[in-house]
Amino acid sequence: MRLTLDTEARTCSIETDAGITTHDLHSEQAFEQLSDMWVRLGWVRKYSYGFSWLGRPIIQLPEDMIRIQETIFRIQPDVIIETGIAHGGSLVFYASILDMIGKGQVIGIDIDIRPHNRAAIEAHPMMKRITMIEGSSIAADTVAAVRGMISAGDKVMLVLDSNHSRDHVAAELEAYADLVTPGSCILSQDGVMQLVAGMPRTGDDWAENNPIPAVEQFLQRNPHFELRRPYRPFDETQATPDATHHPVGWLWRTA
Ligand SMILES: C[S@@+](CC[C@H](N)C(=O)[O-])C[C@H]1O[C@@H](n2cnc3c(N)ncnc32)[C@H](O)[C@@H]1O
């Protein structure tokens with residue numbers, strides 16, 4: 001694909017094997033192409049590694065974080081389960097939104113909680129709303145431990161951000177999806193792997209081995225979940241694309 005921006009003629013031309021289409025530079029189509037390219041180049045440049053929340057590094061695009069906070073505020077979950085802790089910024093982020101709501105706990109799971117990360121998370125004021133479990137997210141004892149922390153009637157939201165291989169995400173969905181309550185959702189992160197496959201800083205098999213096929217197969221077997229765009233209670237743009245790392249990632253439980 002060849003993308004040509006002409007700021008004098010104010011055009012955006014997209015050339016593929018199928019031919020060339022030329023759009024007004026200010027059109028929806030041009031903005032979509034540039035957003036898509038921004039996400040791809042940002043992946044290569046590690047743009048999402050430059051942010052933190054209340055002092056802890058968080059590996060997310062700020063736009064995704066804005067969508068996540070609005071979702072948490074809408075669902076008002078009692079429990080957020082997240083696989084993949086890393087530095088703990090996402091746990092602290094969710095915990096701080098729950099703290100503002102005035103209820104709720106975050107359960108974080110990671111196969112390797114580094115001692116300096118554990119110490120910093122444990123020292124954080126938001127630790128009062130966080131529980132960490134060390135182990136593989138799909139190990140039977142981890143799954144049992146998480147299940148043991150959920151009480152009857154809890155509203156549960158699930159975020160998958162650990163190993164993003166197709167099989168691992170499929171196994172995580174199998175292990176935890178039934179805990180997610182109607183009206184709540186699963187956020188399967190990093191479907192962007194499919195979009196950026198073939199670029200620098202990617203794996204050879206990412207075109208197929210990524211979370212999206214796992215999500216699609218899960219949806220076929222679980223019709224009480226449906227894909228929706230991230231929740232936008234305020235949106236005067238309508239056509240603005242989601243500049244996101246989590247395409248095909250928001251699965252809402254309808255019943
Ligand atoms: C992308 S990072 C998580 C980022 C974090 N959620 C954030 O937003 O800042 C992925 C984490 O998943 C963990 N991980 C990898 N395989 C795992 C597994 N099988 N079970 C649990 N955690 C795993 C890694 O140790 C790593 O800390």
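## A first look around

Trp 38 is partly exposed, with 40% relative accessible area. Before going on, keep in mind that this is a predicted model.

Another ring pair is made by Trp 53 and Phe 93, which counts as edge-to-face because the planes stand at 70°, over the 60 degrees needed. Their ring centres are 4.7 Å apart. This pair ties together distant parts of the chain: Trp 53 belongs to strand β4 (residues 51–53) and Phe 93 to helix α3 (residues 89–101), 40 residues apart. Over the whole structure, a search turns up six aromatic pairs.

Rings also meet charges here. The charged end of Arg 74 sits over the ring of Tyr 231, 4.1 Å from the ring centre. Likewise, Arg 201 lies over the face of Trp 43, and there the distance to the ring centre is 4.7 Å.

## The sheet and its helix

Now for the strands. An open sheet is built from three of them, in the order β1-β2-β3, with antiparallel pairing. At the edges are β1 (2–6) and β3 (19–24), each of which pairs on one side only. From one strand to the next, the twist averages 15°.

How many bridges join β1 to β2? There are five, and the β2 strand covers residues 11–16. In this pairing, Leu 5 stands opposite Cys 12 of β2. As a general point, strands of a sheet pair through backbone hydrogen bonds.

Helix α1 (residues 28–44) lies across β1, β2 and β3, and runs at about 120° to β1.

## Salt bridges

The search of the whole structure finds 15 salt bridges. Here are three of them, with the N to O distance for each.

| Residue | Partner | N to O distance |
|---|---|---|
| Arg 40 | Asp 36 | 2.7 Å |
| Arg 114 | Asp 112 | 2.9 Å |
| Glu 174 | Arg 221 | 3.5 Å |

Take the Arg 40 and Asp 36 pair to begin with. Both residues are in helix α1, four residues apart, which is about one turn of the helix. Arg 40 is partly exposed at 23% relative accessibility, and Asp 36 is partly exposed at 22%.

In the next pair, Arg 114 is partly exposed with 45% relative accessibility, and Asp 112 is partly exposed with 38%.

Where do the partners of the Glu 174 and Arg 221 bridge sit? Glu 174 is in helix α6 (residues 166–176) and Arg 221 is in helix α8 (residues 211–221), so this bridge links distant parts of the chain, 47 residues apart. Both Glu 174 and Arg 221 are exposed.

Some salt bridges share partners: Arg 229, Arg 232, Asp 235 and Asp 242 are joined that way into one network.

How values were computed:
Residues are numbered from 1 along each chain as its sequence is written. This is a predicted model: local features need pLDDT of at least 70, side-chain atom pairs count only at pLDDT 80 or more; totals for chains, interfaces and linings use all residues. Side-chain values use heavy atoms; hydrogens and water are left out. Two strands pair if DSSP finds at least two bridges between them. Helices (H or I, at least four residues) and strands (E, at least two) are DSSP runs, numbered from the N terminus. Axes are lines fitted to C-alpha atoms, for helices over the stretch in contact, and angles run from 0 to 180 degrees between N-to-C directions. Contact means heavy atoms within 4.5 Å. A salt bridge is a side-chain nitrogen of Lys or Arg within 4 Å of a carboxyl oxygen of Asp or Glu. Buried means under 20% relative accessible area, exposed over 50%, partly exposed in between (1.4 Å probe, protein chains only). Rings of Phe, Tyr and Trp (its six-membered ring) pair if their centres lie within 6.5 Å; planes under 30 degrees apart count as stacked, over 60 as edge-to-face and the rest as tilted. A charge sits over a ring if NZ of Lys or CZ of Arg is within 6 Å of the ring centre and within 35 degrees of the ring normal.
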